[in-house]
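I opened this model to look up its pocket, its surface and its charged pairs. My entries follow in the order I made them.

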Amino acid sequence: PEAERRGISIRQATKATPQRWFMIISMMAAFFLSLPAFVSGSWWALFATPTLAWVVIANYWHDGLHFSLSTDWRVNATLPYLFPWLSSPWLWYHQHVIGHHCYTNVAHKDPDLAHAPQLMREHNSIKWRPAHETQESWQRVLLIWSVAVGAGMQILSDVRANTKGTYNNVVPYKSMETARFYAHFVGRVFYFCSLFVWPWFALPLWKAPIFAFFPITLFSWWFMLNSQINHLTEDCAHAEDNRFFRHQIITAQDFGTQSAWCFWFSGGLNMQIEHHMFPCINHCHLPALQKKVMALCKKHDVKYDHVSGYKEAFVKHVEHTTAMGIRPFSEGHEH
């Protein structure tokens with residue numbers, strides 16, 4: 001129907017619609033318009049600018065790297081470099097597109113199961129450590145969620161992948177040609193300076209550390225909120241099926257599918273099941289697919305995990321984190 005209505009091919013109809021592009025460009029404009037206030041040290045921008053950065057990245061960056069933004073691969077490959085604050089696009093291909101999507105929640109194959117195994121255990125493939133006993137504490141969660149992007153994905157994961165030749169020891173990492181490596185290095189330097197260096201030259205000394213570290217911390221919270229609740233729950237974390245599409249369905253959880261707020265703020269990640277089934281289809285089309293996927297799951301007796309919104313999804317994630325922190329073979333242990 002979409003292709004027929006717009007007089008385009010089916011492939012074109014799976015990518016971002018004109019309305020979606022308008023929303024993306026509008027959000028980009030809002031982000032860039034907030035930058036002067038941010039650079040001048042306005043307190044409202046300290047919260048608004050990183051939040052806008054998250055919403056922009058969630059609604060276009062992720063789709064671009066799944067090649068679901070445009071039918072032109074150059075658009076998909078190039079535009080993510082405008083907003084490199086979540087991850088290097090090159091690294092994201094390895095971690096997310098190749099590793100996570102192909103082997104969702106599969107032990108020793110999904111890199112997202114072992115980002116910080118010394119501090120967090122979200123899957124039974126991770127060896128239990130005494131530090132895991134208190135992993136559900138708000139202090140631990142706050143620490144992990146605060147450094148996940150700025151220090152973890154952007155720096156530590158990048159250095160490890162380029163020195164060890166694998167991402168989180170599970171995804172083979174394609175080494176870069178010399179020219180691309182230098183371009184990648186320059187990009188990492190730009191990222192570091194655009195977040196952590198400029199405040200020390202533009203703002204008073206007492207204000208500089210706040211603007212150097214809080215924005216990426218807030219951004220990291222938004223990313224973790226919208227990513228951890230989708231797969232790391234009691235029902236999804238250890239689900240498995242040797243049929244690919246069934247496996248994608250039972251290892252993911254939707255939340256707030258009837259909420260415009262959940263869809264906008266998550267960039268469509270709230271329809272995680274549909275996204276994992278159709279990663280090359282732009283998120284703007286997922287609401288139309290969601291009810292059909294749910295009906296098919298009911299017809300074929302496939303478990304379809306869905307919760308009402310952020311609150312219920314977060315509670316389920318915390319319950320899972322708490323359970324995974326219990327020492328194996330001790331009282332109350334079920335994993």
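**Entry 1: terms and ground rules.** I call a residue buried under 20% relative accessible area, exposed over 50%, and partly exposed in between (1.4 Å probe, protein chains only). The model is predicted, so I take local features only at pLDDT of at least 70 and side-chain atom pairs only at pLDDT 80 or more, while totals for chains, interfaces and linings use all residues. Residues are numbered from 1 along each chain as its sequence is written, and side-chain values use heavy atoms, with hydrogens and water left out. I take helices (H or I, at least four residues) and strands (E, at least two) as DSSP runs, numbered from the N terminus.

**Entry 2: salt bridges.** I count a salt bridge when a side-chain nitrogen of Lys or Arg is within 4 Å of a carboxyl oxygen of Asp or Glu. My search of the whole structure found five salt bridges.

Asp 241 and Arg 243 meet through their side chains at 2.9 Å, N to O. Asp 241 is partly exposed, because its relative accessibility is 22%. Arg 243 is also partly exposed, at 45%.

Arg 20 and Asp 63 form a salt bridge at 3.6 Å, N to O. Arg 20 sits in helix 3 (residues 18–39) and Asp 63 in helix 4, so I noted that the pair links distant parts of the chain, 43 residues apart. Are these two buried or exposed? Both Arg 20 and Asp 63 are buried.

Lys 316 and Asp 235 pair at 2.9 Å, N to O. Lys 316 is in helix 15 (residues 310–324) and Asp 235 is in the loop between helix 10 and helix 11 (244–250), so this pair ties together parts 81 residues apart in sequence. Lys 316 is buried, with a relative accessible area of 19%. Asp 235 is partly exposed, at 31%.

Entry 3: I worked on a 1 Å grid over the protein atoms alone. A pocket is an open set of points with protein on both sides within 12 Å along at least five of seven lines, whereas a cavity is a set where a 1.4 Å probe fits but cannot get out. Lining residues have an atom within 4 Å of a point. Grid points are joined across faces, edges and corners, and the volume is the space filled by probe spheres set on them.

The largest pocket holds about 920 Å³. Which elements give two or more residues to its lining? They are helix 4 (43–65), helix 6 (89–102), helix 7 (138–164) and helix 10 (208–231). Helix 7 gives the most, with 12 residues.

I found 49 lining residues. Asp 112, His 115, Ala 116, Met 224 and Gln 228 lie nearest the pocket centre. By class the lining has 24 nonpolar, 19 polar and six charged residues. Here Ala, Val, Leu, Ile, Met, Phe, Trp, Tyr, Cys and Pro count as nonpolar, Asp, Glu, Lys and Arg as charged, and the others, Gly among them, as polar.

I then checked how covered helix 6 is. Of its 14 residues, 11 are buried. Among them are Trp 90, Trp 92, His 94, His 96, His 100 and His 101.

**Entry 4: a nonpolar surface patch.** Patch residues have over 30% relative accessible area and no salt bridge; like charges are joined within 9 Å, nonpolar side chains (Val, Leu, Ile, Met, Phe, Trp, Tyr) within 5 Å. Accessible areas come from the Shrake-Rupley method with a 1.4 Å probe, and for residues only the protein chains shown count as cover. Phe 181, Tyr 182, Phe 185, Val 186 and Val 189 form one such nonpolar patch, with about 500 Å² of accessible area together. Val 186 lies in helix 8 (residues 178–197). Val 186 counts as exposed because its relative accessibility is 54%.

**Entry 5: positive phi.** Most residues other than glycine have a negative phi. I noted two with positive values.

Asn 168 has phi near 55 degrees. Asn 168 is in the loop between strand 1 (166–167) and strand 2 (171–172), and is buried at 12% relative accessibility.

Asp 301 has a phi of about 55 degrees. Asp 301 is in the loop between helix 14 (286–299) and strand 4 (305–307), and is exposed at 69%.
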